[in-house]
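Here is a short report on one protein model. It moves from charged pairs to a loop residue, then to strands and surface.

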Amino acid sequence: GMINIGNAQWAGKNAKPTIKEAEIIYADNDIIVEEFKFSSFKGWMMLVKDPKSIELGISKDIGKKGEKLQAMSKRLGAFAAINASGFADAGYVGDGGTTVGLVINNGKVVNGSIGKKQGVIGFDKDGVLIVGEFPRDEVLDMELEYAVEFRPFLIVNGVPSLSKGNGGWGM
C-alpha cells in the first residue's frame, strides 16, 4: 500500500527533491522493497531482515576480466544486486578485472591495498555492518566475511556524511 512520507527534504545546499510518496512494491518474510517517487526521479530502498543473507559477489574471472552486474547476479541467483568497489581500467578498455582497494570475500582477502587507512564497508561473521575508515591491520583483525574499500560513504550511523556536494565523485 501507499505510505505517506510527508515533506521530507534532502540535505545539501542545492538539493531540492521532495519525496512525493513511497510504495511497498515487494515484501516477503525476508525482504521489503520500497519505491520512492520524487518530483523528477524515482529511488528504491531494500530492507533485508537477515544481514547474513547478504553476500559479496565477485567476477568469476577476477584479476583478469570483470563481469557485468546483471550477469553476475543471475549467475549467483541474487534477488537484487548493487555495484561496489572500483576497478582499474588501464587503457580504458573496460575489462574491469582488477579491483581497486581491499576486497574480502568469504573471509579471505581477494585483493589488499596498501595504505594508512582504508574506507571499508562490509559484514563481520555475525552479520554486523561495519562502515568507516580503519588502519589496514585493524581491518584484517576484524575477521570480516565480506568487505570492499571505496568512498565516499553516503550515510554513517544514520547521518549523511556529505554536508554538501557529492564528495568529488559525481552523481
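## Arginine 75 and its partner

Arginine 75 is partly exposed, because its relative accessibility is 38%. The cut-offs are these: buried means under 20% relative accessible area, exposed over 50%, and partly exposed in between, with a 1.4 Å probe and protein chains only. Arginine 75 forms a salt bridge with glutamate 67. Their closest N and O atoms are 2.7 Å apart. A salt bridge here is a side-chain nitrogen of Lys or Arg within 4 Å of a carboxyl oxygen of Asp or Glu.

The model is predicted: local features need pLDDT of at least 70, side-chain atom pairs count only at pLDDT 80 or more, and totals for chains, interfaces and linings use all residues. Residues are numbered from 1 along each chain as its sequence is written, and side-chain values use heavy atoms, with hydrogens and water left out.

Serine 59 sits in the loop between strand 4 and helix 1 (69–76). Helices (H or I, at least four residues) and strands (E, at least two) are DSSP runs, numbered from the N terminus.

Is serine 59 buried or exposed? It is buried, because its relative accessible area is 11%. Its side chain has a polar atom 3.1 Å from the backbone nitrogen of aspartate 61. A polar atom of the serine 59 side chain also lies 2.7 Å from the backbone oxygen of lysine 65. Polar contacts are pairs of N or O atoms within 3.5 Å; within protein, one must be able to donate a hydrogen and the other to accept it, and residues adjacent in sequence count only if both atoms are side-chain atoms.

## A salt-bridge network

The model has five salt bridges. Glu21, Glu35, Lys37 and Lys42 are linked in a network of them. Lysine 37 pairs with glutamate 21, with closest N and O atoms 3.7 Å apart. That pair links distant parts of the chain: lysine 37 is in strand 3 (residues 31–37), glutamate 21 in strand 2, 16 residues apart.

Lysine 37 also pairs with glutamate 35, at 3.9 Å between the closest N and O atoms. Lysine 37 is partly exposed at 28% relative accessibility. Glutamate 21 is partly exposed too, at 27%. Glutamate 35 is buried, at 11%.

## Strand 11 and its neighbours

Strand 11 (residues 144–149) has five of its six residues buried, so the rest of the structure largely encloses it. Two strands pair if DSSP finds at least two bridges between them. Strand 9 (residues 117–124) runs antiparallel to strand 11, with five bridges. Valine 120 has glutamate 149 as its bridge partner. Strand 7 (residues 103–105) is also antiparallel to strand 11, over two bridges. There, valine 103 stands opposite valine 148.

## Surface and whole chain

Ile25, Tyr26, Trp44, Met46 and Phe79 form a nonpolar surface patch, with about 520 Å² of accessible area together. Strand 2 (21–27) and strand 4 (42–48) each supply at least two of its residues. Patches use residues with over 30% relative accessible area and no salt bridge: like charges are joined within 9 Å, nonpolar side chains (Val, Leu, Ile, Met, Phe, Trp, Tyr) within 5 Å. Tryptophan 44, in strand 4, is exposed at 55% relative accessibility.

The chain holds two helices and 13 strands. Of its 171 residues, 26% are buried.

Key: Accessible areas come from the Shrake-Rupley method with a 1.4 Å probe; for residues, only the protein chains shown count as cover.
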